[in-house]
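Thanks for coming, everyone. I would like to walk through one model this morning, going from local strand pairing to helix packing and then to the contact between the chains.

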Amino acid sequence: MPGPLSSSQPRLATGCRWGNEGEERVVLFPEGMIRVQGTGQTILELCDGQRTLEDIVGELAVRFNKADAAKIREDVGSFLESLQQKRVVDY
Amino acid sequence: MSLPNPLALIAEVTHRCPLHCVYCSNPLQMTAASAELSTEDWLRVFQEARSLGVLHLHLTGGEPLARADLQSLVEGAHVAGLYINLITSGIGLAEARLSDLINAGLDHIQLSFQDSRAEPANWIAGAKAHAHKIALSETIRRFRIAFTVNLVVHRQNLDHIEEMIAFTESLKPDRLEIAHAQYYGWALKNRDTLMPTRPQLENCMRVVEAAQRRLAGQMKIDCVVPDYYARYPKACMGGWGQRLLLIAPSGKVLPCHAAEVIPGMTFANVRENSLEWIWKQSPAFEKFRGEEWMPEPCRSCDRRTEDFGGCRCQAFLLTGDATATDPVCTLASTHHLVESAQQMTEPGAAVNWSYRPNPS
């Protein structure tokens, strides 16, 4: 399956959800969990099934105001594609 | 080094099972229904587990559906805040009960298959279960729940691994776990008829790699080299008393599935002790923590922090000494025991195996 489109609405896949390990936020999935921190956490928190990839890239560009949107689009796309292959994200 | 908290609890809620799979890793001595933990005990334990830091609960057995109170167990675990995985044969599950379990908070269902073909599947299971499992898969896909198919492979079915993967694809799970039989309990008793040959294993790894590429993003396939054929032992349970704990139907808490086979050990029971005390202080959990107990070549080996010397139960089962290096390791002086087990595999030899019975 190819990476997300600008119009894709990424979300955590069925059977994957947020949890807490101590103070840390983690994504729980059937075989285990992923500790997500920093930018990865910010991206995944924006993946609510409502925002499109374009919306997410736009919000991140505002938050990290000097970053270039094309580069963000590329990084977020490959991050989400790798999680989709683990069946943790759907889009 | 400070003690980590456990991340997952494997709850063997019963040893009762409608199947009699020859590869079952349950102990030969099983717990009777009358000696199982009560609903209240389990619900208390789930709360204690979450307080201790446990994230995942794996409900297994035996067949967890054999417990009439399974829905209450799922509800209680969900309220406690655990991620709940049901590991099941599917026997005893139809649409209404599945719907109830999902509404109670079940997060994920892992359904076992014994083969792609009905006749050998039922032969391996010692029960006519295959057709029901296929029908149940269709039912599961009508619900919003994560779905994994678990396929246990061994010498009797590995020759058609490609067909088994294609069959699984038709069931449309999110994940496929290809699990090589692990030689504990009934599987160890039947090892001579289950152990794959090296060519079977090499073919399996090739087929799986091709399928993983072809199905990327559609069905995630997990498969690891079975430890008898690996160079180094598995990091059993992520290390003794490091990441996981298992509660047997009787309430005994074990650091590893087969730990009760090790002589001279006493395992505390959640009926008498808190899970926190058992994890942090009980002698059984302390026994093989860290590196003090390790013999050579483990003690000076660079891999000791990765595989922890392998499985203590397997070391005992194969060498008679639970403190030995796991003989699966190619560096172990007892590795010949594993090599000779591989050579016991004669394709085409008559199959005479023991089915796992039900506890009396």
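This is a predicted model: local features need pLDDT of at least 70, side-chain atom pairs count only at pLDDT 80 or more; totals for chains, interfaces and linings use all residues.

**Strands, helices and the interface**

Let me begin with chain A, where strand β2 (residues 17-21) and strand β3 (residues 24-29) pair in the antiparallel sense over 5 bridges. Here two strands are said to pair if DSSP finds at least two bridges between them, and the elements themselves are DSSP runs numbered from the N terminus, with helices being H or I runs of at least four residues and strands being E runs of at least two. Residues are numbered from 1 along each chain as its sequence is written, and chains are lettered from A and ligands numbered from 1 in the order in which they are written.

β2(A) and β3(A) form a hairpin with 2 residues between them, and in the turn G22(A) has a positive phi of about 60°. On to the next strand: β3(A) is also joined by 4 bridges to strand β4 (residues 32-35) of chain A, and these two run antiparallel. V27(A) has I34(A) in β4(A) as its bridge partner, and β3(A) and β4(A) likewise form a hairpin with 2 residues between them.

Turning to the helices of chain A, the axes of helix α2 (residues 53-63) and helix α3 (residues 69-85) come within 9 Å and cross at roughly 125°. For those who want the convention, axes are lines fitted to C-alpha atoms, for helices over the stretch in contact, and angles run from 0 to 180 degrees between N-to-C directions. That angle makes α2(A) oblique to α3(A), given that angles under 35 degrees count as roughly parallel, over 145 as roughly antiparallel, 65 to 115 as roughly perpendicular and the rest as oblique. Which residues of α2(A) and α3(A) meet? From α2(A) they are L53(A), I56(A), V57(A), L60(A) and A61(A), and from α3(A) they are A69(A), I72(A), R73(A) and V76(A), where contact requires C-beta atoms, placed from the backbone, to lie within 7 Å. This contact of α2(A) with α3(A) divides into 8 nonpolar residues, no polar ones and 1 charged; the classes take Ala, Val, Leu, Ile, Met, Phe, Trp, Tyr, Cys and Pro as nonpolar, Asp, Glu, Lys and Arg as charged, and the others, Gly among them, as polar.

Chain B has an open sheet of 9 strands, in the order β7-β6-β5-β4-β3-β2-β1-β8-β9, with mixed pairing. Its edge strands are β7 (220-223) and β9 (253-254) of chain B, each of which pairs on one side only. Inside the sheet, strand β2 (residues 56-60) of chain B runs parallel to β3(B) and is joined to it by 4 bridges, with L57(B) standing opposite I84(B) in β3(B).

As for helix packing in chain B, helix α1 (residues 39-51) and helix α2 (residues 70-80) pack at an angle of about 25°, with their axes 9 Å apart, and that makes α1(B) roughly parallel to α2(B). By class, the contact of α1(B) with α2(B) has 6 nonpolar, 4 polar and 1 charged residues. α2(B) also packs against helix α3 (residues 95-104) of chain B, at an angle of about 20° and with the axes 8 Å apart. The contact is made by L70(B), Q71(B), V74(B), E75(B) and H78(B) of α2(B) together with D100(B), L101(B) and A104(B) of α3(B).

Now the interface: 16 residues of chain B are in contact with 12 residues of chain A. On the side of chain B that touches chain A, β3 (83-88) and β5 (146-153) of chain B each supply at least two residues, and the residues of that side divide into 5 nonpolar, 6 polar and 5 charged.

Finally, the confidence values. The predictor gives the complex an ipTM of 0.90 and a pTM of 0.95. Chain B has a mean pLDDT of 95, with 98% of its residues reaching 70 or more, and chain A averages 92, with 99% of the residues scoring at least 70; pLDDT is the predictor's confidence in each residue, from 0 to 100.

Definitions and conventions. Two residues are in contact if their C-beta atoms, placed from the backbone, lie within 7 Å.
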